[in-house]
2 protein chains.
Amino acid sequence: MREFPDEAERVAGVPDLLGMLAYATLTAFFRLAGDAARATALSDKVALAAMAVNEHDHFRQFLGRLAELGADPGAAMQPYVQAIDEFHARTEPSDWLEGLVKAYLGNEMAASFYRQAADVLDPGTRELVDRALSDAGHADFIVAHVRDAIESEPQVTGRLALWARRILGEALSQAQRVAAERRQLARLLAGDDVGHLATINQMLARLADDYSRKAAALGLSSRAAGQEERR
Amino acid sequence: MREFPDEAERVAGVPDLLGMLAYATLTAFFRLAGDAARATALSDKVALAAMAVNEHDHFRQFLGRLAELGADPGAAMQPYVQAIDEFHARTEPSDWLEGLVKAYLGNEMAASFYRQAADVLDPGTRELVDRALSDAGHADFIVAHVRDAIESEPQVTGRLALWARRILGEALSQAQRVAAERRQLARLLAGDDVGHLATINQMLARLADDYSRKAAALGLSSRAAGQEERR
């Protein structure tokens with residue numbers, strides 16, 4: 001069992017968490033808007049643009065909550081700019097399909113992370129994050145598109161399955177870096193001081209498990225990735 | 001004086017006009033989101049992302065009006081996809097500043113075009129387009145940034161002034177192409193059949209005049225462009 005931080009520490013950590021989520025949703029907005037611009041079919045452009053705007057809506061809510069808590073939104077986001085930008089730079093999709101897989105798994109990772117973090121948040125923040133991460137509309141559109149692509153061209157499966165593992169690997173390495181650098185956030189999430197890196201690692205391991213299940217839901221199991229690696 | 005089309009023709013032309021405005025605002029959304037993603041300062045990212053979402057808001061309203069009129073949004077936009085995409089492909093900004101100039105002038109061109117077209121629209125559509133194009137928040141941010149850039153680095157003026165003229169030139173050539181291809185839209189705007197290309201050309205000439213004034217407001221007069229050309 002982890003020990004929860006006391007009230008003062010909790011309050012100190014919340015803007016940290018909100019800053020991370022805010023910058024993550026802002027960049028998710030940029031990525032989805034870019035995917036929408038690159039889509040060939042007009043109907044896909046319209047659907048992805050709506051998803052992008054949806055992310056921006058969450059971004060705006062995180063910013064609003066930061067302001068309510070008396071935190072400066074720019075200062076709260078700034079510590080995460082480098083890690084999140086680097087994650088995106090290292091997982092630049094080479095085509096539209098890779099962009100869709102990344103959008104879906106990125107959202108699922110954020111939701112899984114949050115499910116583990118929710119119990120340390122104050123109720124107001126928790127409700128907000130809950131709403132932001134429970135959007136299902138997103139997922140349905142993407143799952144349908146990726147499954148269609150796999151069905152009509154089965155040889156893409158291995159490539160996309162490897163791609164999904166690469167995204168996870170890059171996300172985990174940036175997350176460990178953030179956990180090491182942002183002690184206040186790590187303490188909010190992990191409780192006690194001595195064991196916090198171990199606890200964070202357990203969180204990340206659970207996140208990786210969730211991720212594998214979600215990748216499998218897209219038709220991208222680790223078995224599919226393994227088949228690609230043996231070629 | 002142009003003769004106004006009768007009611008039946010007007011109704012036939014309005015979805016055409018809305019389809020054009022809808023696709024234009026959708027691509028403006030993509031462009032601004034891309035500019036926001038490329039901005040270096042976090043505060044610029046946030047400001048440009050909000051402008052992008054604002055364009056998407058207008059896009060959604062145009063789509064809603066099309067649905068109210070019983071028109072299929074995709075079918076209404078499709079005829080403009082090629083011309084508008086080509087306009088963007090031929091005016092790909094080479095840096096952030098060119099992107100800002102393009103965003104500002106594109107919006108001003110749309111507003112000028114609309115001021116000339118407004119009197120043929122039904123009141124419901126007119127009010128909607130009015131609201132969409134009267135946003136001033138946009139302009140202030142961009143004018144301030146471009147003026148700052150010119151002040152701190154006067155040698156960019158000539159390049160940006162030429163850039164502004166190139167944007168106008170490409171817009172005019174795509175507009176003439178659309179006017180020739182979309183007879184229903186041209187008739188809505190220009191009234192009688194025989195003289196409609198001449199009337200459209202007059203509209204475009206007025207648009208070019210408005211444009212020059214707006215470019216001058218950015219500090220990019222045709223004199224500045226001429227100085228660059230003589231180098």
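1. First, the term: a salt bridge here is a side-chain nitrogen of Lys or Arg within 4 Å of a carboxyl oxygen of Asp or Glu. Going through the whole structure, which is a predicted model, turns up 24 salt bridges over all chains. A few of them deserve a look.

2. Start with A:Asp95 and A:Arg159, whose side chains form a salt bridge at 3.1 Å, N to O. A:Asp95 sits in the loop between helix H3 (73-90) and helix H4 (96-117) of chain A, while A:Arg159 belongs to helix H7 (residues 156-181), so this contact ties together parts 64 residues apart in sequence. A:Asp95 is partly exposed at 29% relative accessible area, and A:Arg159 is also partly exposed, at 30%.

3. A:Arg159 has another partner: a salt bridge to A:Glu98, with the closest N and O atoms 2.8 Å apart. Here helix H7 and helix H4 of chain A are linked, the two residues being 61 apart. A:Glu98 is buried, since its relative accessible area is 6% and the cut-off for buried is under 20%.

4. Over in chain B, have a look at B:Asp210 and B:Arg213, a salt bridge with its closest N and O atoms 2.6 Å apart. Both residues are in helix H9 (residues 196-217), and because they are three residues apart, about one helical turn separates them.

Notes:
Residues numbered from 1 in each chain as written. Chains lettered and ligands numbered in written order. Predicted model: local features only at pLDDT ≥ 70, side-chain atom pairs only at ≥ 80, totals over all residues. Heavy atoms only, no water. Helix = DSSP H or I, 4+ residues; strand = E, 2+ residues; numbered from the N terminus. Buried < 20%, exposed > 50% of the residue type's maximum accessible area, 1.4 Å probe, protein only.
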